[in-house]
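Please look through the model below before reading on. The points that follow are meant for someone who has not seen it before.

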Amino acid sequence: MITQYPFIKWIAMSYNAGFARANNEGIRLAKGNVVLLLNPDTLFTDNSLSVCFNNFISSSYVACGVQLLNEDGSPQISGNYAMKGGLNYLLPLPYTGALLKWVASLLSVKKPNVPNATGTIEVDWINGAFLMVKKDVIIKAGLLDEDFFLYAEEAEWCSRLKKWGKLCIYGQCHIYHLQGEVSNDTFNSTGKGYFNLYDRKGLQIMLSNLVRIRKEFGTGWFLFILLFYTVTIPIFLIIGFFHNLFAARNLSRFFKQWIGFTNNVLYVWKLSGTILRNKPYFYKVL
């Protein structure tokens with residue numbers, strides 16, 4: 001490929017550096033005035049890349065994304081809104097998350113994401129599968145935080161980019177994102193999205209999300225969210241047991257999930273002192 005496309009510069013990392021560190025290496029070597037972070041599990045079927053780029057360079061936005069699509073063509077969450085303290089990270093919790101969603105719907109709380117962008121929509125942070133950023137803003141805001149191995153790094157980065165201007169999703173531009181395929185292979189996991197909190201992939205998601213909360217929202221919110229995760233452990237056990245029992249579901253699978261969730265929360269508690277000190281540390285569980 002290098003001989004076929006001589007303008008491509010291949011960077012060989014000496015270890016599995018994760019999303020932030022690998023992308024930073026590319027950003028440091030990039031010569032243009034715009035940088036695109038693009039996942040390897042993305043597919044283009046039209047001219048969305050050029051349309052996005054042309055719109056972006058003529059705008060005042062500092063970063064942008066496109067409307068991502070699932071393999072079947074359905075919309076995938078591409079743009080998100082930051083919730084105070086990272087409260088949206090409580091939504092994937094078993095049972096307590098469902099209760100919080102119900103309460104939020106009663107109170108008409110604004111959804112933390114854009115389900116399907118059909119035009120230009122301003123957002124707080126953009127899915128890292130396709131994230132286009134102006135180089136001069138990166139110089140001001142800094143590179144991706146290299147404490148992150150995978151997950152939540154783009155959200156934390158966007159919080160710093162947003163201090164220098166607005167971010168948007170160009171809903172008229174579409175690319176396919178085979179969400180989770182690469183990470184599932186890496187972690188030997190299953191499922192798409194970020195609701196799996198039960199295995200090693202779930203641990204990485206949980207850990208990265210809580211590290212982001214500490215960095216972006218402070219120690220108080222970090223401890224509050226972690227305590228909420230901890231309280232969920234007995235709730236998950238009690239409600240989950242009877243729910244699966246009366247639904248005639250596989251109890252061994254339920255107990256495996258509960259043990260996995262419990263172990264993941266305890267692992268984060270083990271690292272809580274390091275997270276609270278906010279000193280450089282590579283939060284990689286692979």
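1. Buried means a relative accessible area under 20%, exposed means over 50%, and partly exposed lies in between, with a 1.4 Å probe and protein chains only. Serine 108 is exposed, since its relative accessible area is 62%. Serine 108 sits in the loop between helix 3 (96-106) and strand 6 (113-114). Its phi is positive, about 55°, although serine 108 is not a glycine.

2. On the basis of this note: the model is predicted, local features need pLDDT of at least 70, side-chain atom pairs count only at pLDDT 80 or more, and totals for chains, interfaces and linings use all residues. Residues are numbered from 1 along each chain as its sequence is written, and side-chain values use heavy atoms, with hydrogens and water left out. Helices (H or I, at least four residues) and strands (E, at least two) are DSSP runs, numbered from the N terminus.

3. The loop between helix 4 (135-141) and helix 5 (153-161) holds aspartate 147. Is aspartate 147 buried or exposed? With a relative accessible area of 9%, aspartate 147 is buried. Its contacts (heavy atoms within 4.5 Å) include Lys215, Lys279 and Pro280, when residues up to four places away in sequence are not counted. Tyr281, Phe282 and Tyr283 are also touched by aspartate 147. The side chain of aspartate 147 reaches the backbone nitrogen of tyrosine 281 at 3.1 Å.

4. Tyrosine 151 is in the loop between helix 4 and helix 5. Tyrosine 151 is buried, with a relative accessible area of 9%. Its phi is positive, near 80°, in a residue other than glycine.

5. Helix 5 is mostly covered, with nine of its nine residues buried. Among them are Glu153, Glu154, Glu156 and Arg160, along with Trp157 and Leu161.

6. Helix 1 (residues 18-29) has 12 residues and spans 18 Å from its first C-alpha to its last. The expected value is 16 Å, where the expected span is 1.5 Å times one less than the number of residues. Gly18, Phe19, Ala20, Arg21, Asn24 and Ile27 are the buried residues of helix 1. These residues pack against strand 1 (34-38), helix 4 and helix 5.

7. Which way does helix 7 run relative to helix 8? Helix 7 (residues 200-217) and helix 8 pack at an angle of about 150°, and their axes are 7 Å apart. Axes are lines fitted to C-alpha atoms, for helices over the stretch in contact, and angles run from 0 to 180 degrees between N-to-C directions. Helix 7 is therefore roughly antiparallel to helix 8; angles under 35 degrees count as roughly parallel, over 145 as roughly antiparallel, 65 to 115 as roughly perpendicular and the rest as oblique. On helix 7 the contact is made by Met206, Leu210, Ile213, Arg214 and Phe217, while helix 8 brings residues including Trp221, Phe222 and Tyr229.

8. The axes of helix 8 (residues 219-246) and helix 9 (residues 251-277) come within 10 Å and cross at roughly 170°. Helix 8 is therefore roughly antiparallel to helix 9.

9. Arginine 200 lies in helix 7. At 42% relative accessibility, arginine 200 is partly exposed. The C-alpha atoms of arginine 200 and asparagine 264 are 8.1 Å apart, although 64 residues separate them along the chain.

Methods
Polar contact = N/O pair within 3.5 Å; in protein donor to acceptor, adjacent residues only side chain to side chain.
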